[in-house]
Amino acid sequence: MIKSKDVLLKIRDLKIQGYSDETWIDIIKGVDLTLHRGEVMGLIGESGAGKSTIGAACMGYARDGTRISNGSIEFDGMELTTASEGERRMLRGSRIAYVAQSAAASFNPAHKIIDQHTEAPLQYRLKKRVEAQEDAMQLYEKLRLPNPTEIGFRYPHQVSGGQLQRAMTAMAMSCRPDLIIFDEPTTALDVTTQIEVLAAIRDIVDEYNTAAIYITHDLAVVAQMADTIKVLLKGREVEEAPTKEMLDNPQEEYTKSLWAVRSFQSPQRHRPKDGVPLISVRNVDASYTGGAKVLDDVSFDIYEGMTVAVVGESGSGKSTTARVITGLLPPSKGEVLFKGKPFPPSYKDRTKDQLRQCQMIYQMADTALNPKVKISEIIGRPAAFYSGLKGVALKNRVDELLDLIELEPSQYYNRYPPELSGGQKQRIGIARALAAEPTFIVCDEVTSALDQLVAEGILRLLDRLQNELGLAYMFITHDLATVRSIADEVVVMQHGKVVEQGPKDEMFTPPHHPYTDLLLSSVPEMDPNWLTTLLEERGIDNVGDAAAARIDPNDPKVSNANA
Amino acid sequence: MSVFVIAYYSLLLGASCLAAYFNKRSAFLLLFSLTLVSFVLGIIGGVSALRIVAILAGLLGLSAMVSYAFREFLIAIASKNLAKELRTAPLTAAFGMFVIFTVAVAGIFAPLIAPYGEAQVITSAFAPADENMLLGADQLGRDIFSRLVFGARNTVALALAGTVMAFILGALAGLMAATSGGWFDQFLARTSDVIMSIPSLIFALLMLSIFGGDLANDTTSFWLLSGFIGVTGLLLVSAIAERSMISWVIGLAILAGAAAVFGGFMLVIFNPSEIILILVVAVIYSPRVFRLTRAVAGNVVVMDYIEAAKLRGERRWYLIRREILPNSTAPLIAEFGLEFCFVFLLIAGLSFLGLGIQPPTADWGSMVRENATLISFGDITPLIPAAAIALLTVAVNFVVDWMLYRSSGLKV
C-alpha cells in the first residue's frame, strides 16, 4: 500500500517538566519527532524514559503535575502548545485518539461498551446514533470480535481483557482519526491473547491508513507493528531508524544492550537420581469459598536447588497453586509434602520453622513492601523474628543481605520503599525472603512488572543466589522467555490442570501438547515478519482463545496428560 | 464627601489599576468588583456602610498577617522535618493553628489570665462593658470575659477527653475487626450500626437523663469509667495475647490495675457528672471512628506486605502496630479533628439545653443560653460565646482541611 508522505505530526525540541520536591525537573529533555500520515512509529525504552509522557504530549496534553516547558508540537499544521484548551479538546477523540494500557480500567463500568463507543461521534456531530452504532458493529467485525452485532451491548466486565482491548481500539477508530496513540496496549495481556490484539490493531491501522504511535517496552512486539522505531532513554532520544534497519544494525550501545537482553541462560540442572523432593504437591484440588474448582488434581515435585517454572495464561491456577503451597488456601483434597512429611494445610498451623522454609516473592513490589516502613526493618524483621538477632548482629545481617542483593547498605539502610525504583524494590523483596534463610522460594511473576534490562538483572541475581545458597524456586510466569532462561523443569497449566510437565530441554522440543505448542508459538519474536508468517501458517481465525478452544480432546498428547 | 470616602475610593481604584497594569488577573477582578460594589453601597448605605467594609477588610488583612507571621514563627522554631511539612500549610491552616494555640493558652492558664473567678459576682446583672469588664456582665453580674476564659478550659477539656476516648475505643475495635474478619467483625459492625441508628442528640439526652441526677456520684461514675476502660482494654489484650493463656492472665491483671488508676485519675480532674458526659460522648462517637478505621485498615489488610507478614507467622498486634497503623494515621488524624468539632458542638448543645456542664461552671454553650434573653434587647452579649464556639470550630476545620488535603495525596 502506498503511504502518502505528508507530515502529520512534527515535534521539535520538546521539553516537559515534572513537579517534585518543590522544584520543576526536566522529564523530557528535548525530543524531536516527525510522523507522516499512515506511518506507525514505535517508541521504546525502559519505564521512566518518558514514552507515555511524549504520547500524551502528541495530543497537546500534559498530565497532572507536569507542564510542557519548551518546544513546539505541530499537528497537521496546527501548533498545539499555543492553542487554547478548547481548540485542543476539539482534536482529541475526533482527530487524535488514545488507547490506554488497561482497557479494563479505562472503560466506564457503568455504561455499555457501544454507548461509550458512540460518545465521540455523537459529541462531534459526525454521525447519528444509529449510524454510529452500525459503524461500531462494522469495526467490531473488522477487529474480529465474536458476535459483532451483540457484543457492544454488554458492559465492560462481561467481556474478556483481550476483547476489551480490541473494543477500545474500535472506539479510538470511531471518528476515523488521523493519529492513534497506543500506550502499551498489550502489556497486560497473555501471549495467546496478545496475538489477536496485535493482528487486529495492525490490520485496522493499515486499512484506514491511520498514523499511529505505538508505545511499548517489548521489542518483539514493536518489531511487528512499527515502520520506524525510536529508542528513548531518560527523556532523550537514543536513535531512530526504520524497523528492519534498527533490528539488523543498531548503532548505539544502549540499543545493542536492549537487543542483547534475552541472552541470559542458566545451565539446566537435573533431578537427583534418588532422593526425596523438597516440595511435593499431591493430587491437590482447591477452590475459593463457594466457588468452582480452581485447581483440579494438580501434582508436581520440586527438588532441592532446582527451579520449576509454572507456566500458563492468567486464570490457569498458577498463583492458586502457590497459595496452596504457602498455606494461604488450604486445599479441599490432596496434600503438600515437605521433604516427604505432610505440611499442615493452613499456614496458621505451621510451626515457625516450617514457615521459615517457604518464602514468597511477589509480582508487584509496590504492594509487597510496606511504604511506611524503613528498608532496614523490612529486611531486618524476618531475621529478628526467626533467628532472634538483635542490635549489632541484626545490623550486620541486614548489611550482609543488602550486599547479597547488590545494593550498597549504607545508602539504603534508612530509606523507605517509595524512594526506590521498581528493580530496587524487587531486590528488597528478594532480600526479605532470603532473610528468613529459606530452602524454597515461590517467585510469583517477579519480573513481569519490570523492564527487560532490570528483569534480566533480577533473573541473574536469583540464579546466583540459587547457586550460592542452594535454593529451590517455584517460578510462576506467563513469559516463556523467562522460562527459557532460568527454569530447570517446566509445568504447563491450563484451566486448573497440569497439561504437561518435564525437564526444560524436553519441553522446548516437539512434539508438544497442543496447548504448550500454542503458548510457545504465540511468543513474539524479533523478526519483523513473525506475525505475518504466523498468521499465514495458522490462519487468521486460529489464534488466541479461538485456538485454545479448538484443541482436540482426543489428541494422543492430551489424553496422555489427562491419564 | 468626607476625607475617608475620598481615601477609600482612591485606594481601591489605585490598587485595581496597579493590579491590572501588572497583569494580576484575579487580584484585579477582586479589587475592581469591590470598587463597583462600593459605589452601590455608598449610595445606599452612606459613609457608615463603607466604613464597615473598610473595617472588615482591615480585619481580614490583620488576621492574614497574624497567620503568616505565626506560620513563619512555627517554621522557625520547628525541627527540620516538621518545618518542611509546615511550609505546605495554607494561610487558613496557619490561622486555625493560631486560634487553637490561643484557646489552649487561655484554657491552661485560665486562673492567671481571667481577672475574676468564674463564679464571682462582681456587679449588677447585665452591666455594660466598662474599664473593669472587657465584655460586660451576665445575668448574675459575673464578668463575661473571665467566664469565657474559664469556659475554654472546661468545654475544650471535656470535648478533648471525650474525643480521645471515643478514638481509642473506635480505632482499636476497627483495627481488630479489619484484621480478624468473620463473626467478630460482623458483631462489632452490627453493634456500631445499632448505636449509629439512634440520633446522637436524642441518645445523649436519654443517657444523660438516666445517669444524671442521683446517679451522678463518685461511685457510679467510677464503675462506669472502669467498665468503659475494661471493654477497651479487653480488645487490646485480645489483640496482644491472641491464643497464649499466660499472656491473657498477665494482660487482664495489668488491665485491672490500669483501669483503677485511670478511673481515680479522671475523678480527680473531672466531677462525676462531667465523667458521665464524657462517657456518653465516647460511646456515641466511637462507632464513627470504628467505621472509618475499619474501612481504612480494610484497604491495607489486603496488601501483599500484610500477607507476607502473616506468612512469616507474625502476631496480630505486630500487624496492627507496625504494618497497618503507619499506613492509616493520616486519615485518622484528620478524622480526629473533625470528630473533635462535632463533640465540641454536641457538648455546647447539651449545655445549652441544660444537660451538659452544670452551673456555676463556666461553659460556652450554657453561657449562650443564660444570656439568650438579652438578644431581644439588641445586645450582642449572648453572641460572644457563640462566636467563640464558631471560631474554634472553624479553626479546627481549617487545620483538618489541610491535613485531609495532604493525606489524600492531591497535587497542587
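**Group meeting: a walk through chain A**

Hi everyone. Chain A comes to 25 helices and 20 strands, where helices (H or I, at least four residues) and strands (E, at least two) are DSSP runs numbered from the N terminus. Its radius of gyration is 25 Å, close to the 24 Å that the globule rule gives for 563 residues, so chain A is as compact as a globular protein of that length. For the record, that radius is taken over C-alpha atoms, and the rule is 2.2 Å times the number of residues to the power 0.38.

Some housekeeping. This is a predicted model, so local features need pLDDT of at least 70 and side-chain atom pairs count only at pLDDT 80 or more, while totals for chains, interfaces and linings use all residues. Residues are numbered from 1 along each chain as its sequence is written, and chains are lettered from A and ligands numbered from 1 in the order in which they are written.

Now, strand 13 of chain A, residues 307–311.

Which strands does it pair with? Strand 18 (residues 472–477) runs parallel to strand 13, joined by five bridges, with Val311(A) opposite Thr477(A). Strand 19 (residues 489–494) also pairs with strand 13 in the parallel sense, over four bridges, and there Val310(A) has Val491(A) as its bridge partner. Pairing here requires at least two DSSP bridges between the strands.

Next, an open sheet of six strands in chain A, in the order 6-7-8-3-9-10, with mixed pairing. Its edge strands are strand 6 (96–99) and strand 10 (236–242), each pairing on one side only. Within chain A, strand 3 (residues 40–44) and strand 8 (residues 211–216) pair in the parallel sense over five bridges, and Leu43(A) stands opposite Ile215(A).

Finally, the partner chain. In chain A, 18 residues are in contact with 14 residues of chain B, contact meaning C-beta atoms, placed from the backbone, within 7 Å. Helix 13 (352–357), helix 14 (365–368) and helix 15 (375–387) of chain A are the elements that each give two or more residues to that side.

Definitions and conventions: Contact = placed C-beta atoms within 7 Å.
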